[in-house]
Amino acid sequence: MSDDHDSPEAIAAAKKKYWAVFGVLLVGTIVTVLMYFVYFEKMWQTVTVALIIASFKAACVGAIFMHLSDEKKLVYRILYPTVFFVAGLFLLTVWAYYDPPAMTTHVR
Amino acid sequence: MQATTDTTEHTSHDDHHDHHHDIGFLRSYVFSTDHKIIGIQYGFTALLFLLFGFFLVLAMRWQIAYPGEAIPVVGGLLEALLGDMAAQGKMSPDLYNVFGAMHGTIMIFLGVVPLAFAAFGNYVVPLQIGAIDMTFPRINMVSYQCYAWGGAIMFISFFIPGGAAQAGWTSYSPLATVVPTDGQSFWLVGMVLLITSSLLGSVNFIATIIQLRAPGMTWMRMPFFTWAQFVTAFILLLAFPPLEAAGVMQLMDRVFDTSFFLPSGLIVSGNPMNEISGGGSPLLWQHLFWFLGHPEVYVLILPAMGVIAEIIACNTRKPLWGYKSLVYSVLAVGFISFIVWAHHMYVTGMGTKISTFFQTTTMIISIPSVIILTCLFISLWGGSIRFNTPMLFALAFLPMFGIGGLTGLPLGFNFADLMLHDSYYVIAHFHYVVAPGTLFGLFAGVYFWFPKASGRMMNETLGKIHFWLSLIFMNAIFMPMFAQGLAGMSRRMSDGGATYAAANMANEGVIGALSEAVINSNIAITHAAFGLMLAQVPFILNFFWSITNGKKVENDNPWEATTLDWQTPTPPPHGNFTKPIAVYRGPYEYSQPGHDTDFTPQNEPEKA
Amino acid sequence: MEIPYTVKPREDTGLYNAKVGIWLFLASEVMLFGGLFSSYVLLRVGAGQGMWPHGLMNIPIGTFNTLVLITSSVTVVMGWAALKLGNFGKYRLYQAITILCAMGFLGIKSYEYNEKFHHYELWFHAPKTLAELPDAKNQAFVEDGLTDKEKIGTLPSVVGHFGYEKDGEEHHAGPFWTKKDFEELGVTEVIVHLDDFHYRIPARLQAQIKKKDHGHDDPSEAGDHGHELRIPISEVRRISAFVPAHSTFFAIYFTLTGLHGLHVLAGAIVIFYIWGPGARMWKRDPERYSNRVEVSGLFWHFVDLVWIFLFPVLYLL
């Protein structure tokens, strides 16, 4: 490959990053479990904290391990619509659940 | 991952069989990795399934027009094959449901999508972009095998005790979960295989179009057919997986007694279901199904629009009008199609805000669709139209798709849909887009590309008979259904509405009972359906006869087309092009001033 | 003629074919797991009061499994880096660790699943009161956030490890048993070794209560609570192990982790093939070989990504 990113120097430097991310992920996992013991008033607060930590870990894996931080435009162009559609699936189905016809409610 | 070529092989028409001897019959024709063979495999299999699906609905139409009467000719055979469900050659309500569910499933997933996307796409797209094959030929082969085996499982399910799936092609839970036939589970397993086939195919198509365009083939020089296939592939790639997830969940409901889609307190046939946990949601199935189901309809139409575009450009001898608009519109249609799905769910108890959202996106998506149709219409203006068979189908496509598309608009409004949902109006709408819409596009494609694949032309006279009869009968079948639907006739009624007929004594004085005219239309429609079946005979005869007896083409480019698929030998050999290809111009350089001929192929070098 | 760009990247995209292919495939996998996660959300918000189990997952084991997968993620990328630098031996070593981690993950998962299949719930025809079953007081929470004083004494069901008596000896119930299996044995009573908690308590409250109360980490630990009940079969409406059919929670738990597990297995098989039988390509075409390693590594990272979300959602929330 005639790519700068894959030159021996770049890869040797990247190895340090990989171990750093490994450390971050280990710490992140411990933090996630510790948050389990922290009580939040509302469920949405708990969910938000959990998702923020998970998203941060996922971003590290994606950006560094999967080389997304310096990946080609084409890969982003594949991923952006994907993220949009999966977000749409989540948000619209949940919205549909919470928007029933007037004066009705779900039977559980 | 290589095309199997060496530079010394023959490239003439008749003896491309010879070098196949090196790798054997199985690897040449059954497990081939050549995109053209795979395309033909898909094509033959899909056409067979289309015919089979047509027979299913003919039997249903008999029952609708003459409820309770034994089906002529095949009644005895059905009884022999299917037992009690076809007792005395009559179509029982259960059998009606079986045929109805399988007609939809087979036509969509085993017929139209494999033909439009996989068959035409596989054969033509690599040729049109100047590639020697798909990026992943072995995955291409696996993709076809998954489709074939998925189809086999669907077919076999007819013959197991209890019969095939019978909860509609939409397979809604709880009905689909509690129906006491393993056929429903076969359907789910078949769907998983078909979805796998589609996913593998889409990866191939998209990677191929991105990576294997010949030098000079920029994105905006690609034929519109390839753009349409590109967007179709993206839709399949991203919309199918949630349905695959849902299919697995419904299979678990059936086999492992989970309650993904089964609510608490469910009572089936008078018996409360005590053994299951409940707590599930039937609406969850609907969301996941229609998340695919809506983009799926664009999968059905976009390849056909692509075919039509190629044929119109070639047979008007002028460039397509609004190429850029066409490209941006097809991208927009693909994108927006992911956020309109719940317009299939207006009557499930959605509030005004969410309904309005989906209504709005549904209206918005009609804009790029209309832009595409308009560009194709305007492309005719000032053209030197050649009225050959492919062009006749292409010309008819335009108003027919117009009717289909416009009649979809009332369905997109949630207040109008409250009355029209699940009525014959819906059946008429979607059959107009798929039958005289997509199928006409696909027929056109067969007539158009037949000479490239076989070296012979199909017979024009038979083609024109096929065209005119199909056009007349399709309209005779589906136009009255709009009136039936507006009159309140529900779909999926195995007695053709007799229970709700005004003539039925029990319905005396009932408002909204179905009138004589509505009920009698059933008979005319059924006759037209049989007429449509007869109209396919010239096509089937023409197709097979022409393979060996059709008029031989005089050169590799009988239609005098500009796109790269017509600049290959006939039929194209392994590797497609005899020398490296480069592209110098756009795809529709017809009737350009200053040229000797009225067309300039994309790969012809500029004259000095 | 060979298909171009199988090894060398195409100039305008900067990518070789398999990389385009794998990212497209991963996009479809995002939609697949996205569909399942959105099902999780809808099932959870739609679940009736007390119907969604909490605190039944073994958090230490889940955490350990997470660390195993994270380790395999770094070894897979270190293996690729070693290969790009020409060090085949190091690559071999790192990748072997990856495969071992994968096997470990699957082994631990199997242990977890097996535990679930032997862990039971029994629903009564009519809910019992605390007066009738005083020993089951730790399972009598029915509302969110109740204190000791506010425990209401109804027990629609009890959870624990079940057994039966035959010929004077106690036997454990097998996996996947339902009420029918007990009936077919001809026993008149179900022996219930009660869990410390009932799953009706939301997870975030369980953590609080566990800290205050007995100091046991995991209600799914059997045996050392001393409370045993004998329930006549006639009072039993339904018996289910913690299997997919038990509740929508377990249905989605097993589906999500099962599908994820299949992906771990598939990824491990591919990585193993490239590491073992497929390693001949390293001599023939090293660049193509390292591309294969890269592409399979991308799939492996995706599998890790899914678990990064699965773990907190299923085990902790």
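Student: Is Ile99(C) buried, partly exposed or exposed?

Tutor: Keep in mind that this is a predicted model, and begin with the place of Ile99(C), which is in helix α3 (residues 88–117) of chain C. Around Ile99(C) there are 19 other C-beta atoms within 10 Å. A residue is buried if 20 or more lie within that distance and exposed if 12 or fewer, so the count of 19 makes Ile99(C) partly exposed.

Student: Which residues is Ile99(C) in contact with, leaving aside its neighbours within four places in sequence?

Tutor: Two residues are in contact if their C-beta atoms lie within 7 Å. With the neighbours within four places in sequence left aside, the contacts of Ile99(C) are Ala268(C), Ile271(C), Phe272(C) and Trp275(C).

Student: How are α1(C) and α8(C) oriented to each other, roughly parallel or roughly antiparallel?

Tutor: The axes of helix α1 (residues 17–45) of chain C and helix α8 (residues 286–316) of chain C come within 10 Å, and they cross at roughly 15°. Angles under 35 degrees count as roughly parallel, and α1(C) and α8(C) are therefore roughly parallel.

Student: How many nonpolar residues does the contact of α1(C) with α8(C) have?

Tutor: Among the residues making the contact are Ile22(C), Leu26(C) and Phe33(C) of α1(C), together with Val295(C), Leu298(C) and Phe302(C) of α8(C). By class, the contact has one polar residue and two charged residues, while the number of nonpolar residues is 11.

Note on methods. Residues numbered from 1 in each chain as written. Chains lettered and ligands numbered in written order. Predicted model: local features only at pLDDT ≥ 70, side-chain atom pairs only at ≥ 80, totals over all residues. Helix = DSSP H or I, 4+ residues; strand = E, 2+ residues; numbered from the N terminus. Axes fitted to C-alpha atoms, helices over the stretch in contact; angles between N-to-C directions. Parallel < 35°, antiparallel > 145°, perpendicular 65-115°, else oblique. Nonpolar A, V, L, I, M, F, W, Y, C, P; charged D, E, K, R; others polar.
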